[in-house]
Each structure stands twice: as C-alpha cells, then as structure tokens.
Amino acid sequence: VNTFDEEDLQLLKEANLEKVCIGIESGNDYIRNEIMKKGISREAIFDAFVLFHKYEIFVSTQNIIGVPHETATYFLDTVRLNAEIKPNNSFISIYHPYPGTKLYDLCIEEKLLVSQQEPFPERTKTILNMPYFSPEKIQFYYKNFKTLIQYEQKRSMYPEMFPMPLTDKNAVGVVENILNH
C-alpha cells in the first residue's frame, strides 16, 4: 500500500493492469503495526483503495486471523476495515508461525505453540493456544469472514434495518440471521 502513488497506478492501468492483491493482514492498527510490523496506516489503506476504485482495478485483500495478541474484538476490526474499503474479494488465512521469524520467536517465548508438528493443513487451522482467542473462535471467524463483511456492508447502507453493531457476543447470531435470510 505504501509503495505506489496515483501516477504509478495510472501508468499500471494504462499498461493493462487488471488485478492486484493487497496484504492488509489486520484491520487493527495495533496488530498490523506493533505485532506484525507492517508499518501501514489506516489512512494509507483507505487512500490506496480510493485509487483502486477510481481506476477500476479489481482488488483483493489478504487477511490473517489468529496472530499472537489478537482477540476476537481486534479481529472484528479486520471485518469492518474490509467492509469499509470494499475490495472485490477478501481472502483470509489462519496465522502459521514460521521458524526464524520474530513472530515465531514470540510464540515460543509466550508458550503459544501447541505443537511444532501438528498435522493440520497450514493456514486453515491454528496451531496456537492463545488464552484470549480460542481455536474454536478463530475457526468460526475464519469460516464466516465473508458473511460478516457482508453484514457490516449492509449495516452501513441500511442502518435502520441493521442497527446492531457487530460484536464478539452477537457474531454467531448475525451469521445465523444472514444465512437464514
């Protein structure tokens, strides 16, 4: 996001750029910048998406859930950010610690790693045990990410029809309500 300006994007569009995928990773500033060390402001993300929409470039976001120190509340910031910036598509992966990275070291230091040799498919199940964000909740949010984005988009367009803010306490009910209508 911090690596291009409008002139760059205009030139890329003229060169027939059709699609981009942007690693937002987290909609929560603390997780994105303090834990993941991305160094990307919320404002820079919004500015980039204004340009993507202006030049009609198909844009996908890549998001991660289950990062150390993330909570369900922090993760809902990721849902809300995706709803606000309106990418054409949003992808999500479950965080997987890689040896040799600072986040892996943090997982070891805080004893978050359940096992270093779990048989789970990478990035679809967590191998961390975080007291503040259970594996079950991570799996729920991973599975229902796009549905929750849709709810937040509907809520912003029709606040009288969707008055309830999305919270960790009502997320299951929100998903059931959307899937049943």
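**Helix packing**

I began with two helices and found that H6 and H7 are roughly perpendicular to each other, in a model that is predicted. I looked up the numbers: H6 and H7 (residues 171–179) pack at an angle of about 65°, and their axes are 10 Å apart. Since roughly perpendicular covers 65 to 115 degrees, I noted the class with the angle. I also noted that the crossing of H6 past H7 is left-handed.

Next I listed who makes this contact: on the H6 side I found, among others, Phe 140, Tyr 141 and Leu 148, and on the H7 side residues including Val 172, Val 175 and Ile 178. Sorted by class, the contact has 10 nonpolar and 3 polar residues, with no charged ones.

**A glutamate in H6**

I then checked Glu 152, which belongs to helix H6 (residues 135–157). Is Glu 152 buried or exposed? I have Glu 152 down as buried, at 7% relative accessibility. Leaving out residues up to four places away in sequence, I see Glu 152 touching Val 79, Arg 80, Ala 83 and Leu 166.

**Aromatic rings**

My search of the whole structure gave 8 aromatic pairs. In one of them, the ring centres of Phe 49 and Phe 52 are 5.3 Å apart and the planes are at 85°, so I filed the pair as edge-to-face. Phe 49 and Phe 52 are 3 residues apart in helix H3 (residues 42–54), so about one helical turn separates them. Phe 49 is buried at 2% relative accessible area, and Phe 52 is buried at 2%.

Back in the rings of Phe 140 and Tyr 141, I noted centres 5.1 Å apart and planes at 70°, so this pair is edge-to-face. Tyr 141 is buried, at 1% relative accessibility. My last entry is one aromatic cluster, formed by Phe 75, Phe 133, Phe 140, Tyr 141 and Phe 145.

How values were computed:
Residues are numbered from 1 along each chain as its sequence is written. This is a predicted model: local features need pLDDT of at least 70, side-chain atom pairs count only at pLDDT 80 or more; totals for chains, interfaces and linings use all residues. Side-chain values use heavy atoms; hydrogens and water are left out. Helices (H or I, at least four residues) and strands (E, at least two) are DSSP runs, numbered from the N terminus. Buried means under 20% relative accessible area, exposed over 50%, partly exposed in between (1.4 Å probe, protein chains only). Contact means heavy atoms within 4.5 Å. Axes are lines fitted to C-alpha atoms, for helices over the stretch in contact, and angles run from 0 to 180 degrees between N-to-C directions. Angles under 35 degrees count as roughly parallel, over 145 as roughly antiparallel, 65 to 115 as roughly perpendicular and the rest as oblique. A crossing is left-handed if the near helix is turned anticlockwise from the far one by less than a right angle, and right-handed if clockwise. Ala, Val, Leu, Ile, Met, Phe, Trp, Tyr, Cys and Pro count as nonpolar, Asp, Glu, Lys and Arg as charged, and the others, Gly among them, as polar. Rings of Phe, Tyr and Trp (its six-membered ring) pair if their centres lie within 6.5 Å; planes under 30 degrees apart count as stacked, over 60 as edge-to-face and the rest as tilted.
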